[in-house]
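Please keep the sequence and the 3D view open while reading.

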Amino acid sequence: FPSHDIRQSCTSGEAMITLDDYVGFHKDSPDWTEARRINATELLSACDRLERLAVADGVVFKTNPKTGTEVSGETLGGFRPQSCKIGATHSAHKEGFAVDRYDPDGAIDSWCMVNQDKLQSCGIYLEHPTKTIGWSHWTIRRPKSGNRVFMP
């Protein structure tokens with residue numbers, strides 16, 4: 001599992017999301033607890049497995065110029081402190097269970113929609129791509145609907 005600033009490469013040579021990428025500048029937040037670090041470690045391990053499958057099928061994961069990582073947004077595509085106005089208290093991002101992947105052209109979401117069996121094998125749930133234009137929302141927390149691809 002990739003952690004800190006050390007990047008491990010997948011078959012294409014692209015970097016995977018590290019724990020440091022995921023937490024970003026929130027690493028000193030009191031909300032970045034050991035339990036949430038454990039959740040995020042499990043999340044990123046599942047993401048790593050799914051990303052490797054996607055790369056093997058030719059998907060290219062791009063670096064977000066705003067974060068310098070594969071995490072979407074400007075600062076809030078990974079871990080979010082409880083005080084963040086985006087997302088409800090204890091949302092998947094705020095508990096370390098979700099990440100928004102930078103997906104400016106929708107290639108990741110398109111692949112995920114065709115490969116839901118691979119999402120399932122990795123334990124990843126996907127927010128429906130019509131609700132995530134420019135990013136792909138991956139979570140290991142089962143949504144209330146229980147659907148592999150869910151509406152927020």
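Two strands count as paired if DSSP finds at least two bridges between them. The model is a predicted one.

**Strand pairing**

Strand 2 covers residues 125-127 and is joined to strand 3 by two bridges. These two strands run antiparallel. Tyr 125 has Thr 139 of strand 3 as its bridge partner. A hairpin of six residues leads from strand 2 to strand 3.

Strand 3, residues 134-139, also pairs with strand 1, residues 98-103. The sense is antiparallel again, and there are six bridges. Within strand 3, Gly 134 stands opposite Asp 103. In general, side chains in a regular strand alternate between the two faces of the sheet.

**Empty space**

Rolling a probe the size of a water molecule over the atoms shows where empty space is left. Searching the whole structure gives one cavity of 30 Å³ or more.

| Space | Volume | Lining by class | Largest contributor |
|---|---|---|---|
| Largest cavity | about 30 Å³ | four nonpolar, no polar, three charged residues | helix 2, four residues |
| Largest pocket | about 520 Å³ | seven nonpolar, six polar, six charged residues | strand 3, three residues |

Which residues line the largest cavity? They are Met 16, Ile 17, Leu 44, Cys 47, Asp 48, Glu 51 and Arg 101. Helix 2 spans residues 34-56 and supplies the largest share of that lining.

The largest pocket holds about 520 Å³ of space. Its lining has 19 residues, and the closest to its centre are Ala 92, His 137, Arg 141, Phe 150 and Pro 152. Strand 3 gives the most to this lining.

**Cysteines**

How many disulfides does the structure hold? The count is zero. A disulfide needs two cysteine sulfur atoms within 2.5 Å.

Are Cys 84 and Cys 122 buried or exposed? Cys 84 has 13% relative accessibility, so it counts as buried. Cys 122 has 6% relative accessibility and therefore counts as buried. The cut-off for buried is under 20%.

How values were computed
Residues are numbered from 1 along each chain as its sequence is written. This is a predicted model: local features need pLDDT of at least 70, side-chain atom pairs count only at pLDDT 80 or more; totals for chains, interfaces and linings use all residues. Side-chain values use heavy atoms; hydrogens and water are left out. On a 1 Å grid over the protein atoms alone, a cavity is a set of points where a 1.4 Å probe fits but cannot get out, and a pocket is an open set with protein on both sides within 12 Å along at least five of seven lines; lining residues have an atom within 4 Å of a point. Grid points are joined across faces, edges and corners, and a volume is the space filled by probe spheres set on the points. Ala, Val, Leu, Ile, Met, Phe, Trp, Tyr, Cys and Pro count as nonpolar, Asp, Glu, Lys and Arg as charged, and the others, Gly among them, as polar. Buried means under 20% relative accessible area, exposed over 50%, partly exposed in between (1.4 Å probe, protein chains only).
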